[in-house]
Amino acid sequence: MPDTQALVNDFLNKLKKLKIEGSQATARQNAELLRSVISQQRVPYTNQAGALIDAVKAVGEQLIAANPVELAVGNIVRRVLHIIREEDLSLTTAAIGGLNLSAVSDDENDDDRDGDSTLSAAAVAAAARSTLRPPSLQTLLEDTPVSAAVPQTSSSGGDSEGKSKSADKSSRSRKLKHDVIEAVNEQIADIVICHEQIAEQAVEHIHQNEVILTLGSSRTVLEFLFAAKEKKRSFRVFVAEGAPRYQGHLLAKELVARGLQTTLITDSAVFAMISRVNMVIVGAHAVMANGGVIAPVGMNLVALAAQKHAVPFVVLAGSHKLCPLYPHNPEVLLNELRSPSELLDFGEFSDCMDFGSGSGSPLLHVVNPAFDYVPPKLVSLFITDAGGHNPSYMYRLIADYYSADDLVVQRRATAGN
Amino acid sequence: MGAQKKRAAAAAAAARVSEDPDDLARQPLQAILLADSFTTKFRPITLERPKVLLPLVNVPMINYTLAWLEAAGVAEVFVFCCAHSKQVIDYLENSEWFSQPNFTVKTIESHNIISAGDALRLIYEQNVIHGDFVLISGDTVSNMSLTQALQEHKERKKKDNNAVMTMIIKKSKPSPITRQSRLGTDELFMAIDPNTKQLLYYEDKADHSKGTICLDKMLLAENPSISLHNDKQDCYIDICSPEVLSLFTDNFDYQHLRRHFVKGLLLDDIMGYKIFTHEIHSSYAARIDNYRSYDIVSKDIIQRWTYPYVPDVKFCGNRATKLERRGMYRALEIEQSRSAQVGSFTVIGYGTKIGSNSKISDSVIGEGCTIGSNVLIEGSYIWDNVIIEDGCELRHVIVCDGVIMKAGAVLKPGVVLSFKVVIGERFVVPAYSKVSLLQQPTVHDSDEELEYADNSSGTVEFSSIQGTADQSNGEMTSESSEAHKPKLGTGGVGYIWSICEGGQEEEWRHSVAPIPEDKLTELSEAMDDDQELVTQDRTALSTSGELISDSNASEGDDNEDSKDDSVYFEKEVEATFLRAVEENVKVDHVILEVNSLRLSYNMTSADCAGAVFYSMMKLAIKTPHSSASELQQNTANIITTWQKLLKSYLLEIDEEIEIILKFEEMCLESAKEFSPLFARILHILYDKDILQEDAILRWADEKEGADESDKVFVRQSEKFIQWLREASEEED
């Protein structure tokens with residue numbers, strides 16, 4: 001699959017050189033890339049899911065390593081892996097229900113051709129585990145007959161060899177791939193319309209004559225505010241400019257273009273203004289499993305100010321921003337330090353950075369972090385495309401979106417065993 | 001070469017371009033990357049490895065340039081390889097640059113090229129450049145966006161076919177003490193038209209000893225306004241039109257891009273080619289020209305000015321590196337002892353081992369290095385696979401691949417150890433020395449060699465090695481006096497290169513080590529002297545305004561500056577006056593001249609009166625005379641001739657008193673001949689209505705309370721004063 005490789009390399013390059021701006025674009029392109037990886041992947045007769053998971057993991061590993069700070073990449077890789085597992089599971093159960101056949105027993109047949117017995121075994125184990133785990137909210141809602149699969153998988157033996165029908169197998173393999181691609185397409189569509197889905201909930205949260213405060217610029221927040229405006233809500237928006245990138249200026253411009261009453265303030269004025277604010281609505285870079293938020297720099301100050309004045313602090317995040325990892329040392333490890341030139345003009349300060357005299361080490365250091373970490377206790381509510389949630393509920397939502405087996409994508413060899 | 005030939009060639013080039021003006025806009029952007037700097041500043045390292053492959057924060061320099069070109073939207077890059085071309089080509093072939101989509105890298109190889117000019121001529125012959133191109137050398141680090149500069153260049157080109165080049169500049173203040181930029185290059189003077197941004201003057205080798213630069217007066221005549229800068233840094237990134245290549249071909253003596261080409265175009269008023277500038281503000285661009293800029297640019301990278309070309313972003317297939325607190329970059333698989341102290345702004349490469357109690361700060365450590373215990377590394381650049389044994393000390397040095405430092409060895413600031421050198425146990429390498437396995441070349445035979453006198457500091461006669469080497473490690477020489485035997489302590493391998501005379505004093509300017517404190521004080525003292533020189537040299541129009549004193553000398557302010565000023569002013573006035581006497585200038589004109597001097601020195605009319613009177617007296621005393629009476633006669637004559645001049649400054653009594661005081665002073669000091677004549681000349685002045693009786697009387701009154709010694713002249717003229725007093729009383 002040379003063309004997939006080229007696509008992967010291209011995307012890797014873009015990730016490495018930080019050429020993609022924004023996690024939504026990254027997530028969408030990433031999902032599209034994985035879709036083409038799946039569609040190009042030649043699927044063996046049996047253990048289709050294993051082969052697909054293998055392929056996606058191989059690519060995913062590279063993608064995550066390319067830019068560890070962009071968490072959306074890892075999220076999408078894990079999401080796609082989860083989709084494959086789910087589809088495989090539902091097919092297996094359906095097949096069992098219809099044909100009374102064991103899905104897993106076919107594996108022994110093709111082990112020599114496959115050459116990867118551990119992985120197929122891993123897939124079996126994964127399937128078994130996923131059937132055994134407590135029913136998630138999603139599966140409950142979808143009403144899949146999960147419990148039916150359990151006795152069948154465990155009782156799988158060698159008796160099924162003669163009974164398997166090759167025609168059925170091939171159709172099933174095609175069906176799995178088809179279903180997976182279908183589901184990934186849905187996922188892409190979800191990413192694309194996540195703004196609208198979040199924005200739909202705007203009327204429930206924004207009320208007449210309220211004052212909303214936001215920091216920096218986020219597409220999700222923008223759409224959210226527009227949606228409320230369209231529903232004839234009249235409210236005012238305070239925009240903190242979001243130094244040093246000043247994206248708040250752009251947001252203010254767009255809000256005014258849509259006829260919203262907007263006030264632009266400096267970041268440092270947030271605390272002074274917060275007492276007049278009814279609700280803080282902000283976007284996020286990523287939402288961690290503990291409900292903590294990685295957000296543009298300055299957000300922690302806003303959250304603290306909001307807490308001081310008991311103003312609700314609402315974070316909008318598409319589901320692709322939900323990250324199944326727990327933050328460890330988030331101020332540094334999950335941060336991105338940008339160029340100091342956004343803070344000050346090099347030319348004016350060039351004499352402060354003349355290392356040629358004195359001790360040789362500069363006295364002036366300029367640090368420009370891109371993100372802040374907002375701990376979960378400061379967040380009042382998350383609004384995702386699946387609705388509003390408490391920070392303490394995020395782990396549950398994440399359990400719905402990702403398989404526990406995929407949390408560590410890098411260690412492929414040991415992850416399955 | 002004749003101007004005609006130039007014109008014809010340029011016309012041809014223009015025709016070639018204008019064939020498809022629309023195509024030009026759509027053409028993919030090309031770039032020429034010179035993978036050779038054609039200088040010897042990085043010797044002895046560059047004898048073994050080309051400069052563009054030297055690691056800059058653990059990534060070969062050329063990667064920064066290529067990554068930037070790719071990000072800036074360049075579609076095709078021609079890498080011109082000359083010295084060590086095989087190494088460069090091999091490296092590129094094994095790198096990922098050949099397999100990039102939408103970005104082609106092609107190499108052009110040549111071995112008999114000795115300058116950038118030759119390289120461009122060769123590229124012109126190959127006929128591969130079809131439109132505007134970016135000219136850059138492989139040692140440039142930048143993160144600027146080309147879009148705007150390119151747009152401006154194209155628009156100018158459309159309007160004026162002679163706008164052939166846009167030069168990227170950046171603001172950066174040079175140090176007033178060392179007269180060099182922070183990158184270690186000489187202070188650069190540029191004259192730029194503030195409206196059109198046209199470059200009018202470029203001088204990077206200004207003579208600081210004179211403290212002046214010379215601008216062609218036509219510059220001032222032809223341009224409504226020009227601004228002269230010394231705070232701009234040349235980024236050595238040029239956007240050129242294809243004509244530039246043909247210009248190099250036509251002018252076969254153009255070698256250096258700046259010294260010959262840019263200056264050549266600026267001086268050449270026949271063709272009227274123009275160079276424009278584009279200033280970048282928030283983005284970064286710098287060229288590594290010498291060891292100092294290597295140090296500075298490395299630090300800029302670590303401080304992330306070059307973002308996104310920083311160690312923790314994998315812009316060119318570099319190894320994963322994590323950025324930790326306080327600007328520490330660490331690759332994976334590092335073995336670090338618990339007691340080792342790794343300070344801020346340090347980069348540590350993959351697989352490096354650091355022993356206990358070692359201290360590292362502000363340094364870059366390459367891959368696979370082994371550092372023992374109790375090692376001190378400060379502000380140094382250690383490349384790959386270096387072994388540093390216990391107790392070594394390294395301060396502000398560059399250590400290349402594969403070097404072994406035996407226990408207890410010490411490198412003083414500014415040392416450069418080339419590849420695979422071994423330093424013996426407890427050996428102290430003296431400051432600024434360069435050590436290599438290769439002997440210092442004796443003849444100018446290298447393909448990297450240049451004929452510029454100012455760049456030849458790296459090469460000396462072979463015979464001098466022995467002497468300098470002996471002297472630099474005097475205590476070790478007892479065992480052998482043979483030049484060929486390495487003298488780097490027991491077990492040491494390598495030759496210490498000698499620094500040629502003249503180069504010695506310049507060594508600190510361009511080394512990785514910061515400029516030592518004593519040099520700075522020395523320089524600032526020298527600078528003060530320079531200023532005095534400038535002040536004394538008042539006849540030339542001074543460019544600096546700081547010497548004009550704003551304190552009022554007549555108020556008896558004995559501030560150093562104003563004192564100096566009045567001395568110079570007096571000299572100026574005297575010169576003017578003497579010239580007027582010699583050339584018979586009209587009195588009115590002299591008044592005008594003195595007035596202008598008075599304005600430029602911010603003097604009062606009392607000062608003028610004093611100075612004029614002083615000059616007149618000096619003239620009188622210089623006129624040949626045999627006796628006192630003759631001198632008196634001469635004085636009277638001169639006063640009669642020039643009384644109008646003197647009177648024009650005597651507006652009030654104060655000025656008249658000033659004259660008397662001045663005269664008194666002269667009689668005491670410079671012109672003692674006058675002292676017996678004091679009363680008589682005072683009388684003459686009174687007769688000529690230059691001095692009024694009030695002034696003389698006030699002077700006498702003022703002197704009443706003075707010391708006896710001060711009263712000499714009052715006594716002498718006592719009779720006269722008495723007479724004046726009586727006369728005035730009579731009048732009453």
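Helix H18(B) passes helix H19(B) in a right-handed crossing; a crossing counts as right-handed if the near helix is turned clockwise from the far one by less than a right angle, and as left-handed if anticlockwise. The model is predicted, with local features needing pLDDT of at least 70 and side-chain atom pairs pLDDT 80 or more, while totals for chains, interfaces and linings use all residues. Residues are numbered from 1 along each chain as its sequence is written, chains are lettered from A and ligands numbered from 1 in the order in which they are written, and side-chain values use heavy atoms, without hydrogens and water.

H18 covers residues 653-668 of chain B and H19 covers residues 678-687 of chain B; their axes are 11 Å apart and the packing angle is about 155°. This makes H18(B) roughly antiparallel to H19(B). Helices (H or I, at least four residues) and strands (E, at least two) are DSSP runs numbered from the N terminus. Axes are lines fitted to C-alpha atoms, for helices over the stretch in contact, and angles run from 0 to 180 degrees between N-to-C directions. Angles under 35 degrees count as roughly parallel, over 145 as roughly antiparallel, 65 to 115 as roughly perpendicular and the rest as oblique. On the H18(B) side, B:Ile660, B:Phe663, B:Glu664 and B:Cys667 meet B:Phe678, B:Ile681 and B:Leu682 of H19(B), contact being heavy atoms within 4.5 Å. The contact of H18(B) with H19(B) has six nonpolar, no polar and one charged residues. In this classing Ala, Val, Leu, Ile, Met, Phe, Trp, Tyr, Cys and Pro are nonpolar, Asp, Glu, Lys and Arg are charged, and the others, Gly among them, are polar.

Chain B has another helix pair in H8 (residues 243-250) and H9 (residues 257-267), whose axes come within 12 Å and cross at roughly 100°. H8(B) and H9(B) are therefore roughly perpendicular to each other. B:Val244, B:Leu247 and B:Phe248 of H8(B) make the contact with B:Leu257, B:Phe261 and B:Leu265 of H9(B). By class these are six nonpolar, no polar and no charged residues.

In chain A, the axes of H11 (residues 219-230) and H12 (residues 247-257) come within 11 Å and cross at roughly 20°. That angle makes H11(A) roughly parallel to H12(A). The crossing of H11(A) with H12(A) is right-handed. Here A:Leu222, A:Leu225 and A:Phe226 of H11(A) meet A:Leu251, A:Glu254 and A:Leu255 of H12(A), a contact with five nonpolar, no polar and one charged residues.

Most residues other than glycine have a negative phi, and most peptide bonds are trans. A cis peptide bond joins A:Ala243 and A:Pro244, with omega about 0°; A:Pro244 is in the loop between strand E2 (236-240) and H12 of chain A. The bond from B:Arg43 to B:Pro44 is cis too, with omega near 0°, and B:Pro44 is in the loop between strands E1 (30-34) and E2 (55-56) of chain B. B:Val57 has a positive phi, near 50°, and lies in the loop between E2 and strand E3 (59-60) of chain B.

Between the chains, 38 residues of chain A are in contact with 36 residues of chain B. The two chains bury about 3,300 Å² between them, 55% of it on carbon and sulfur atoms; buried area is the accessible area (1.4 Å probe) lost on putting two parts together, summed over both. The count of salt bridges between chain A and chain B is zero, a salt bridge being a side-chain nitrogen of Lys or Arg within 4 Å of a carboxyl oxygen of Asp or Glu. Over all chains, the whole structure has 27 salt bridges. One of them joins the side chains of B:Arg121 and B:Asp118 (2.9 Å, N to O), which both lie in helix H5 (residues 116-126) of chain B, three residues apart, about one turn of the helix.
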